[in-house]
Amino acid sequence: MSPLLFIGAALAGGVGAVLRYLVDLGVARFTGRRFPWGILLVNLSGSFALGVVATALPDAAFLLGAGLLGGYTTFSTAMLDTVALWRDGERPASAFNAVGMLLLGLLAAALGLALGSVL
């Protein structure tokens, strides 16, 4: 891989991080901050998009997958939100955030792979 590709992936990762922040902020304006709906949306849409990229655009997988979508999605924030919900006594919401995000993320990735394979 060329140094230019690494620079491109780093820049794409920065763009992805900004997009994550904007999506999370925008969703929170509509839903409030009691449950992290924005991060759930980010991770599900990112899982779907990575599935599409992996099958429909494999030559761009490093730039778009590791770069853009790597910066866009966030496992660490999802886990921190899960622990914070648990700590705040929101046990069902915490369980949904952990298990629901995993199961829905797998479904989103599978749908993305299926869509990408027909594009």
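**Close-up views of a predicted helical chain**

**View 1. Helices H1 and H3 pack together.** In this predicted model, helix H1 (residues 3-31) and helix H3 (residues 61-72) pack at an angle of about 35 degrees, their axes 6 Å apart. Axes are lines fitted to C-alpha atoms over the stretch in contact, with angles from 0 to 180 degrees between N-to-C directions. The crossing of H1 past H3 is right-handed (near helix turned clockwise from the far one by less than a right angle). The contact comprises 12 nonpolar, five polar and one charged residue, with Gly counted as polar and Arg as charged.

**View 2. A nonpolar patch lies on the surface.** Trp37, Phe48, Phe96, Leu104, Leu107, Leu111, Leu115, Val118 and Leu119 together expose about 860 Å² of accessible area (Shrake-Rupley, 1.4 Å probe). Helix H5 (91-118) gives the most, six residues, and helix H2 (37-56) supplies at least two.

**View 3. The chain has five helices and zero strands.** Helices are DSSP runs (H or I) of at least four residues, and strands (E) of at least two. The C-alpha trace spans about 50 × 30 × 25 Å along its principal axes.

Residues are numbered from 1 along each chain. Local features need pLDDT of at least 70 and side-chain atom pairs 80 or more, totals for chains, interfaces and linings use all residues, and side-chain values use heavy atoms, without hydrogens and water.

Methods
Patches are made of residues with over 30% relative accessible area and no salt bridge: like charges are joined within 9 Å, nonpolar side chains (Val, Leu, Ile, Met, Phe, Trp, Tyr) within 5 Å. A salt bridge is a side-chain nitrogen of Lys or Arg within 4 Å of a carboxyl oxygen of Asp or Glu.
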